[in-house]
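User: I am new to this structure and would like to learn how to read its features one at a time. Could you take me through it, giving the general idea before each case?

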Amino acid sequence: MLKKTLGLLASAAMVLGASQMASAADLAPRYTKAPVPVEVWNWTGFYIGGHVGAGWGTTETTIDSIAAPGFPVTPIGLALTQNSRSGFLGGGQIGYNFQSGWAVFGVQADIAGLDVKGTTPCLVTLSCTAKSDWLATVSGRIGAVVADKTLVYAKGGAAWLNTTHSLTVPGAIGGIGGIGGLAGFGAVSAESTALGWLLGFGAEYAFARNWSAFIEYDYMDFDKKSVAFNLTVPGVAAAAINTSIQNKLSIAKVGVNYKF
């Protein structure tokens, strides 16, 4: 009888222990996987990139005076030509942005090689050519973040444009009144680097981690530069045509940036 009673008590204890263990398992905390945070793009930081595009504009040339050995400088003030030119460009940029809320402030430096040129008749028998070879700019930018990862901005600053100007005789010109003509004259050229101002606007989109793409338009107006063309005509004393040259340039470009 005693053994039977002890057996019943042991069985009851085992059932009670098992039920308590099951209850403890039910009360154990259940962990769920935390949601993956959505990365928020921020424009603050240094960046570097490249761009390609097209350029077009005008070159206005005025003859200020003509100087020759043994003769006084002769003022003229004659509008020589307005040369329209166009072509392609490619280069790179580096800059820094700082974002505060929806506003983005930045500074950027660009340099590009150009093949922007044009030729037009001038002085009846000559051809005038202007070919811009390189462009450098430094500008400040201010923009606003719209549609999550899109930045629209305006920019303004300084620009430097290097241009080669040429006067060419398209063919031999016979002498007049026994004076030797311009046969053998060929061409004469002069180079100028002008300082100007820049205004532009664009939009940039962050399409991947650290990467963004942009499209931009810029307009530049450059100061007048004094350029002298030194002429050497066979049988005639050397002379210099002193000119004033002013360039205006528009560019449209697309490119990519990598933000560090």
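This is a predicted model: local features need pLDDT of at least 70, side-chain atom pairs count only at pLDDT 80 or more; totals for chains, interfaces and linings use all residues.

User: What classes of residue make up the lining of the largest cavity?

Analyst: Sorted by class, the lining has seven polar and five nonpolar residues, with no charged residues.

User: Which elements does the chain have, and in what order do they run?

Analyst: There are one helix and nine strands in the chain. Read from the N terminus on, the elements run α-β-β-β-β-β-β-β-β-β, and of the contacts in the chain with a separation of 6 or more, 69% are between residues 24 or more positions apart.

User: How should I read a salt bridge, and how many does a search of the whole structure find?

Analyst: Side chains of opposite charge can pair when their charged atoms come close. Here the search of the whole structure finds six salt bridges. One of them is formed by the side chains of Asp110 and Lys253, at 3.0 Å from N to O. This pair links distant parts of the chain, since Asp110 lies in strand E3 (residues 103–122) and Lys253 in strand E9 (residues 239–259), 143 residues apart.

User: Are Asp110 and Lys253 buried or exposed?

Analyst: A residue counts as buried when its relative accessible area is under 20%. Asp110, with a relative accessible area of 8%, is therefore buried, and Lys253 counts as buried because its relative accessibility is 5%.

User: Which residue forms a salt bridge with Glu204, and where do the two lie in the chain?

Analyst: Glu204 forms a salt bridge with Arg141, and their closest N and O atoms are 3.6 Å apart. Distant parts of the chain are linked by this pair, with Glu204 in strand E6 (residues 187–208) and Arg141 in strand E4 (residues 126–146), 63 residues apart. Glu204 counts as buried at 3% relative accessibility, and Arg141 is buried with a relative accessible area of 6%.

User: What can be said of Glu216 and its salt bridge with Lys155?

Analyst: The closest N and O atoms of Glu216 and Lys155 are 3.0 Å apart. Glu216 belongs to strand E7 (residues 211–222) and Lys155 to strand E5 (residues 150–168), so that the pair, 61 residues apart, links distant parts of the chain. Glu216 is buried, its relative accessible area being 3%, while Lys155 counts as buried at 4% relative accessibility. Salt bridges that share partners join Glu216 and Lys155 with Asp110 and Lys253 into one network.

User: How much of the chain do buried residues make up?

Analyst: Of the 260 residues in the chain, 36% are buried. The accessible surface of the chain comes to about 14,800 Å², and carbon and sulfur atoms account for 68% of that area.

Definitions and conventions:
Residues are numbered from 1 along each chain as its sequence is written. Side-chain values use heavy atoms; hydrogens and water are left out. A salt bridge is a side-chain nitrogen of Lys or Arg within 4 Å of a carboxyl oxygen of Asp or Glu. Helices (H or I, at least four residues) and strands (E, at least two) are DSSP runs, numbered from the N terminus. Buried means under 20% relative accessible area, exposed over 50%, partly exposed in between (1.4 Å probe, protein chains only). Contact means heavy atoms within 4.5 Å. Accessible areas come from the Shrake-Rupley method with a 1.4 Å probe; for residues, only the protein chains shown count as cover. Ala, Val, Leu, Ile, Met, Phe, Trp, Tyr, Cys and Pro count as nonpolar, Asp, Glu, Lys and Arg as charged, and the others, Gly among them, as polar.
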